[in-house]
Amino acid sequence: MATLSDIGVAAVINILTAFAFFIAFAILRLQPVNDRVYFPKWYLKGLRSSPIKTGGLASKFVNLDFRSYIKFLNWMPQALRMPEPELIDHAGLDSVVYLRIYLLGLKIFFPIACLAFTVMVPVNWTNTTLDKLQNLTFSDIDKLSISNIPNGSSRFWVHLCMAYVISFWTCFVLKREYKIIGSMRLQFLASDQRRPDQFTVLVRNIPPDPDESVSELVEHFFKVNHPDYYLTYQAVYNANKLSELVQKRKKCQNWLDYYQNKHSRNPSKRPMIKVGFLGCWGEEVDAIDRYTEKIEGLTRKISEEKEKVTSSTKSLVPAAFVSFKRRWGAVVCAQTQQSRNPTEWLTEWAPEPRDIYWDNLALPYVHLTIRRLVIAVAFFFLTFFFMIPIAFVQTLANIEGIEKAVPFLKPLIEMKAIKSFIQGFLPGIALKIFLIVLPSILMFMSKFEGFISKSSLERRCASRYYMFQFINVFLCSIIAGTALQQLNSFLNQSATEIPKTIGVSIPMKATFFITYIMVDGWAGVAGEILRLKPLVIYHLKNFFLVKTEKDREEAMDPGTIGFNTGEPQIQLYFILGLVYAAVSPILLPFILVFFALAYVVYRHQIINVYNQEYESAGAFWPDVHRRIVIALIVSQLLLMGLLSTKHASRSTPLLFILPVLTIGFHRFCKGRYEPVFVRYPLQDAMVKDTLERTKEPNLNLKTFLQNAYVHPVFKAADNVKDEMVVEEPRADQTPDLVATKRSSKRHTSGSSFETF
């Protein structure tokens with residue numbers, strides 16, 4: 001069991017680590033040679049030029065202005081200086097809403113922490129229950145928790161009142177934040193510039209027709225059923241093989257650039273490579289000639305594959321992007337049923353072009369259910385088998401248990417420095433290491449499920465990551481830790497005493513979570529700003545691959561917020577804060593430090609570094625809200641179970657109403673605020689269309705939308721040939737006739753035409 005001194009050692013280690021990261025960042029960011037690593041967003045916007053181009057030879061690589069090193073933390077106030085409206089214009093609403101999650105944590109937990117340390121800590125500390133218990137391992141930190149209250153004590157009324165205060169305050173802050181972000185979303189959508197996804201829907205599961213191709217069928221269907229607002233469509237091709245060829249060519253081009261740069265540094269010697277497995281053996285050939293030949297061959301294959309894909313109807317996928325003349329028409333189509341058969345002609349809002357994950361558009365729609373069932377089973381086993389390393393991590397948090405199991409290590413473990421390091425630092429860092437590969441596994445699972453946008457992939461991955469964190473990191477850490485820690489007590493007491501021991505022991509896991517918060521939330525967040533991996537990769541590319549300024553821009557890796565990993569990690573802190581607020585408030589200061597530090601760090605990264613791949617206008621907020629509500633309900637249920645083991649028979653029944661009220665609150669918010677994040681109001685669409693027609697009466701919308709949803713591998717060869725000005729249909733116009741190849745019961749005089 002970690003003691004106060006162990007926690008102190010861990011705090012010193014993590015604070016020094018974070019401070020070292022900040023100092024290293026402050027020095028590295030000032031060097032001209034690293035400017036593109038720490039300010040890539042400004043380069044991508046064209047608002048910053050490289051300082052290497054100016055100054056003397058030494059000043060091109062090293063900042064010689066020593067005065068700039070004095071204020072090494074001035075990036076913090078600079079990060080907080082940009083106002084929120086300007087930040088929305090600069091980075092998008094998604095980034096701002098993501099930052100508000102950290103602010104939400106501060107709004108919820110700062111008042112709770114003040115109240116808890118004013119009321120709860122004195123109530124818990126002024127008891128001697130733990131001192132009187134035998135065969136139970138505890139530390140001084142546990143005396144600050146509810147475990148130090150004797151069974152049946154009237155002091156549990158304080159914890160009951162605290163639970164009500166926490167619940168009502170959390171719900172109040174959540175409701176206000178939901179309302180604010182909903183208004184921000186509507187305002188952002190109303191003021192946002194014209195984008196292709198505002199006029200476009202994605203149509204899937206198009207039924208096969210023996211007389212018409214997919215393209216002809218889409219054209220005919222929407223001209224008949226949406227005659228006034230249908231504009232154009234873009235067929236979806238299965239171009240996955242073409243994409244693979246393009247990627248191979250890009251890799252070969254990188255190798256060719258590398259060997260050409262190498263040859264330019266030493267013109268007297270041509271670079272040579274072996275053509276065998278992994279270049280380890282085989283015949284030696286000229287590297288430049290070898291990759292030039294490969295690129296020429298791949299270029300021919302790409303041309304042939306492109307011609308094959310575009311000319312063959314077999315490459316067409318039963319899906320299409322359909323664009324409309326007005327946003328109003330797109331809203332109606334996206335939010336209504338198109339066919340009598342509810343499984344055909346399925347429509348949804350099209351993701352913005354840069355948000356599309358093209359590989360999954362080629363998947364048959366009917367296969368998605370099977371794929372998701374397979375992944376659900378795989379995720380269950382992944383979660384189950386990950387319990388083994390989690391249980392191992394918990395053994396590191398209990399030195400006494402290790403000494404009893406492995407007595408020959410006792411002399412080494414009992415050394416003060418080693419003992420403090422193991423209990424105060426090692427469990428947190430071990431758990432962090434075990435979780436490194438998890439996001440990649442979950443993202444692979446999400447892609448296999450068939451989601452067609454990067455935003456939906458990240459949200460799905462975030463959902464599974466949250467479930468994993470809740471089950472393995474939170475629940476299993478408590479259960480496994482308690483079982484291992486109190487194993488000796490379980491074996492030597494009656495069965496009726498076991499629930500009592502569990503009830504007392506659960507709050508004792510606070511020390512483990514404190515160490516994890518310091519490793520992940522303090523040192524981990526500080527390490528994020530250093531960007532060590534992108535720094536190394538950029539300089540390697542810059543040295544070996546870069547030949548032009550365009551190559552140098554491509555070598556930059558601004559990265560993204562990483563919603564699929566960042567948001568579930570934040571939710572873990574919400575769970576810990578809400579669960580332990582009324583049980584062991586000592587966690588709250590550590591959590592507050594995390595939220596404050598993370599807000600400053602990620603605000604700086606969003607302003608200067610991250611380049612978001614898509615913009616969903618904060619569509620993920622309902623997920624954030626729901627998970628915090630779940631955390632609140634879990635905290636209420638766990639407190640209810642804990643008090644029941646403490647024989648607080650008078651106060652415990654009053655907790656039953658809290659989960660019911662919280663669920664009712666969630667249903668209210670879901671009905672009142674969530675529709676803003678799911679559907680687009682017809683009223684707003686009409687207003688925006690009217691304003692646009694007034695300002696730009698001659699807008700050629702077809703030109704704007706024609707190539708918006710063409711697969712990226714085709715865009716270089718696409719040319720818009722037919723541009724026309726879109727005209728509104730007149731009321732006195734006679735109905736047009738739509739040509740079709742199908743046999744129809746509605747044709748007249750043998751003519752294969754249908755009317756609108």
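According to the unreviewed UniProt entry, the feature "transmembrane region" is placed at residues 6–28, 101–123, 156–174, 373–397, 417–444, 465–484 and 572–602; UniProt positions follow the numbering used here, feature names are shortened, and annotations may be inferred rather than shown by experiment. The model is predicted, so local features need pLDDT of at least 70 and side-chain atom pairs count only at pLDDT 80 or more, while totals for chains, interfaces and linings use all residues. Residues are numbered from 1 along each chain as its sequence is written, and side-chain values use heavy atoms, with hydrogens and water left out.

Two of these annotated spans can be looked at directly. Residues 6–28 are 100% helix and 0% strand, with end C-alpha atoms 33 Å apart. Residues 101–123 are likewise 100% helix and 0% strand, and here the end C-alpha atoms lie 31 Å apart. Helices (H or I, at least four residues) and strands (E, at least two) are DSSP runs, numbered from the N terminus. Counted this way, the protein has 32 helices and 8 strands. Of its 756 residues, 50% are buried, where buried means under 20% relative accessible area, exposed over 50%, and partly exposed in between (1.4 Å probe, protein chains only). Among contacts (heavy atoms within 4.5 Å) between residues at least 6 apart in sequence, 81% join residues at least 24 apart.

Four strands form an open sheet in the order S2-S5-S1-S6, with antiparallel pairing; two strands pair if DSSP finds at least two bridges between them. Strand S2 (230–237) and strand S6 (346–349) are at the edges with a single partner strand each, so one side of each has no neighbour in the sheet. From one strand to the next, the twist averages 30°. Helix H9 (residues 214–225) packs on this sheet, touching strand S1 (200–204), S2 and S5, and its direction makes about 35° with that of S5. Such angles run from 0 to 180 degrees between N-to-C directions, with axes being lines fitted to C-alpha atoms, for helices over the stretch in contact.

Strand S5 (residues 316–324) pairs with S2 over 6 bridges and with S1 over 5 bridges, in the antiparallel sense. Phe321 in S5 stands opposite Leu202 and also opposite Gln234, while Phe324 in S5 faces Tyr230. Because 8 of its 9 residues are buried, S5 is largely enclosed by the rest of the structure.

Leu658, Pro659, Thr662, Phe665, His666 and Cys669 of H29 are buried. These residues cover an arc of only 120° around the axis, which puts them on the same side of H29; the arc is that of the directions from the helix axis to the C-beta atoms. Val660, Arg667 and Gly671 are exposed on the other side of H29. The cover over the buried residues includes helix H8 (156–191) and helix H28 (621–645).

Arg603, in helix H27 (residues 587–608), counts as buried at 6% relative accessibility. Leaving aside neighbours within four places in sequence, Arg603 has contacts including Arg81, Glu84, Leu99 and Ala598. Arg603 and Val96 are 507 residues apart in sequence, yet 8.6 Å apart in space, C-alpha to C-alpha.
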